[in-house]
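Hello,

Here is the structure I said I would pass on.

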Amino acid sequence: FKGRRVTFNLQSENKELAAKKACDIYLSLHSQGWPETIAKYRPDAEAEIRSPTVGEFIAEVSEHTNVTRNTLVTYVRKFRFLVASIAKVKSSRSKFAPGSKEQTEYQAKVDAVELATLTPAKINSWKKQYIKKAGDDMDAKRSRCVTVNSIIRNSKCLFTPEVLVFVASEYKGLRTVSSKYGEKKLKGRL
């Protein structure tokens with residue numbers, strides 16, 4: 001309803017009772033909207049989890065990571081490039097001028113993108129399109145493959161269990177994360 005999808009447990013094995021309750025929910029949505037309907041028919045539902053933005057995530061990682069500043073700058077630059085490419089954030093060459101208005105606007109647009117928009121399917125699609133731009137030139141294809149792999153590898157470094165422990169409050173529905181050093185409780189705010 002209105003671009004949103006929510007499931008409701010009808011709590012009945014009786015088809016007629018379940019159909020009546022589904023009808024009541026539908027009518028409530030039309031007459032009262034989402035908040036009232038959810039409060040009435042899903043009172044025990046958890047508050048919806050909002051996906052953090054790229055900017056919020058980068059700020060948290062920057063605060064809690066133990067990698068060197070230069071390494072972090074590289075990871076963040078490549079991650080922002082990946083996000084901008086997937087989210088189709090328009091930019092110009094002047095975005096590279098440090099402190100310029102264009103750079104600030106570009107970064108603000110990229111930082112406003114929600115992390116939930118970065119799905120594996122979208123990343124794979126971007127990867128294929130990026131490599132495809134090389135055309136039939138094998139050297140250009142190889143170069144683009146190396147670039148894509150570098151961008152993805154550097155971006156993934158921001159999502160390692162060692163970093164997520166201090167950044168995330170929940171990961172894949174869990175409040176702990178496993179690494180080669182064992183299981184750790186998540187301590188983050190996102």
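Predicted model: local features only at pLDDT ≥ 70, side-chain atom pairs only at ≥ 80, totals over all residues.

Helices α1 and α2

Helix α1 covers residues 15-32 and helix α2 covers residues 34-41. The two pack at an angle of about 150 degrees, and their axes lie 7 Å apart. On the α1 side, the contact is made by Lys21, Asp24, Ile25, Ser28, Leu29 and Gln32. On the α2 side, Trp34, Glu36, Thr37 and Tyr41 take part. Sorted by type, the residues of this contact are 4 nonpolar, 3 polar and 3 charged.

Arg80 in helix α4

Arg80 sits in helix α4, which runs over residues 69-87. Is this arginine, Arg80, buried or exposed? Its relative accessible area is 16%, and buried means under 20%, so Arg80 counts as buried. Leaving aside residues up to four places away in sequence, Arg80 touches Ile58, Tyr106, Gln107, Val110 and Asp111.

Helix α7

Helix α7 has 19 residues, 138-156. At 1.5 Å a residue the helix should span 27 Å, and its end C-alpha atoms are 27 Å apart, so the two values agree. At the start of α7, the backbone nitrogen of Asp139 has a side-chain oxygen of Asp137 within 3.2 Å. Which residues of α7 are buried? They are Val148, Ser150, Ile151, Ile152, Asn154 and Ser155. These buried residues pack against α4 and against α6 (120-132).

Regards

Methods: Residues numbered from 1 in each chain as written. Heavy atoms only, no water. Helix = DSSP H or I, 4+ residues; strand = E, 2+ residues; numbered from the N terminus. Buried < 20%, exposed > 50% of the residue type's maximum accessible area, 1.4 Å probe, protein only. Contact = heavy atoms within 4.5 Å. Expected span 1.5 Å × (residues − 1). Polar contact = N/O pair within 3.5 Å; in protein donor to acceptor, adjacent residues only side chain to side chain. Axes fitted to C-alpha atoms, helices over the stretch in contact; angles between N-to-C directions. Nonpolar A, V, L, I, M, F, W, Y, C, P; charged D, E, K, R; others polar.
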